[in-house]
Amino acid sequence: MQSVRPHNQQAAATWGAGGRDYDKISEHVSDAIEHLVRRILPQPGERFLDIATGTGWAARRLAAHGAEVIGIDLGASVIEAAKTLGPSIDFRVGDAESLEFEDESFDAVTSTFGVMFTARPEDAASELTRVCKKGGRIGLPTWLPGGAVEGLFGVMRPYLPPPSSPAPPSPFEWGRPEDIRALLGHAFDLKFESGTTTLRVPSGQAAWELLIAGFGPTKTVAASLEPRRREEFTRDFIEYFDRFRGELGVAQPREYLVTVGVKR
């Protein structure tokens, strides 16, 4: 098992907290994952690395097209779940900022709404670049800034401890083409395409139950709060999702960017 860099150990606990229930979170972005697969076009026998794989939904879809996939994630519990859900895939605990693999060892590298949450994006971009072969491909769906997902983190922010100083960069910078170019444009010819995935659940209460079970950051925040503050957090969370409620239930559009690059 690869070690996790010390500054990422808390992130490992947070993002792994959902365990197998995280697969239900991935199910609700499965159309965005399929968007990635159809643009990265995995071929039989190609070697793929899926970074921040979670419970391995994207890795399983890539493998279904004949790719040989390794999936890594900081969270040990989601990796254990991934191993049971995709037993033919090589899943490992691994740190996106310090990959254990040799230079130019993959035909393609993907990360679905994952690598954007690394604490040190320059390190993650450097490692992603290093392990991708010349002529190889990257595929990165990332959430747009100012959208519904950033809004969710805004709901959680008042209940979090004060950020470290200096605060890490916003993960939503990965949703801007100009910021992706700054990180990866020196090594990859990049192209972009936008998409929208819609969260459809019966109510804000149903959204709470989904995310408190499977989404590590929400689960971790709730577990850290004393009862009164947890009640307030639950109320704010449900109210946020009920803003997107219509006659048939919550339908929350979540915009994202797909980046596909070819390494020069």
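These legends go with a set of close-up views of a predicted model.

**Figure 1. The whole chain, before zooming in.** The protein chain runs to 264 residues, and its secondary structure comes to 11 helices and 8 strands. Its C-alpha atoms fill a box of roughly 55 × 40 × 40 Å along the principal axes. A compact globule with 264 residues would have a radius of gyration near 18 Å, and the chain's own 18 Å agrees with that. Buried residues account for 54% of the chain. Take the contacts between residues at least 6 apart in sequence: 76% of them join residues at least 24 apart. The accessible surface is about 12,000 Å², with 51% of it belonging to carbon and sulfur atoms.

**Figure 2. Phe 113 and Trp 143, a stacked pair.** The model has 16 aromatic pairs, and here is one of them. The ring centres of Phe 113 and Trp 143 are 3.8 Å apart and the planes meet at 10°; planes under 30 degrees apart count as stacked, so this pair is stacked. Phe 113 sits in the loop between strand 4 (106-110) and helix 6 (121-131), while Trp 143 belongs to strand 5 (residues 132-143), so the pair ties together parts that are 30 residues apart in sequence. Both Phe 113 and Trp 143 are buried; for Phe 113 the relative accessibility is 8%. There's a backbone detail to look for as well: Phe 113 has a positive phi of about 55°, although it isn't a glycine.

Figure 3. Phe 233 is buried at 0% relative accessible area, and Phe 237 is buried at 1%.

**Figure 4. Arg 47 over the ring of Phe 106.** The charged end of Arg 47 sits over the Phe 106 ring, 4.4 Å from the ring centre.

**Figure 5. The buried face of helix 5.** Helix 5 covers residues 76-85, and its Val 78, Ile 79, Ala 81 and Ala 82 are buried. Look down the helix axis and the buried residues fall within an arc of 160°, so they line one face of helix 5.

**Figure 6. Leu 41, a loop residue with positive phi.** Leu 41 is in the loop between helix 3 (30-40) and strand 1 (47-51). Its phi is positive, about 50°, even though Leu 41 is not a glycine. With a relative accessible area of 51%, Leu 41 is exposed.

**Figure 7. Gln 205 and Thr 234, across a gap in sequence.** Gln 205 has its place in helix 9 (residues 204-214). At 35% relative accessibility, Gln 205 counts as partly exposed. Gln 205 and Thr 234 are 29 residues apart in sequence, and their C-alpha atoms are 8.8 Å apart in space.

How values were computed. Residues numbered from 1 in each chain as written. Predicted model: local features only at pLDDT ≥ 70, side-chain atom pairs only at ≥ 80, totals over all residues. Heavy atoms only, no water. Phe/Tyr/Trp six-rings, centres within 6.5 Å; stacked < 30°, edge-to-face > 60°. Helix = DSSP H or I, 4+ residues; strand = E, 2+ residues; numbered from the N terminus. Buried < 20%, exposed > 50% of the residue type's maximum accessible area, 1.4 Å probe, protein only. Lys NZ or Arg CZ within 6 Å of the ring centre and 35° of its normal. Arc of directions from axis to C-beta. Rg over C-alpha atoms; globule rule 2.2 N^0.38 Å. Contact = heavy atoms within 4.5 Å. Areas by Shrake-Rupley, 256 points an atom, 1.4 Å probe, with all protein chains shown as cover.
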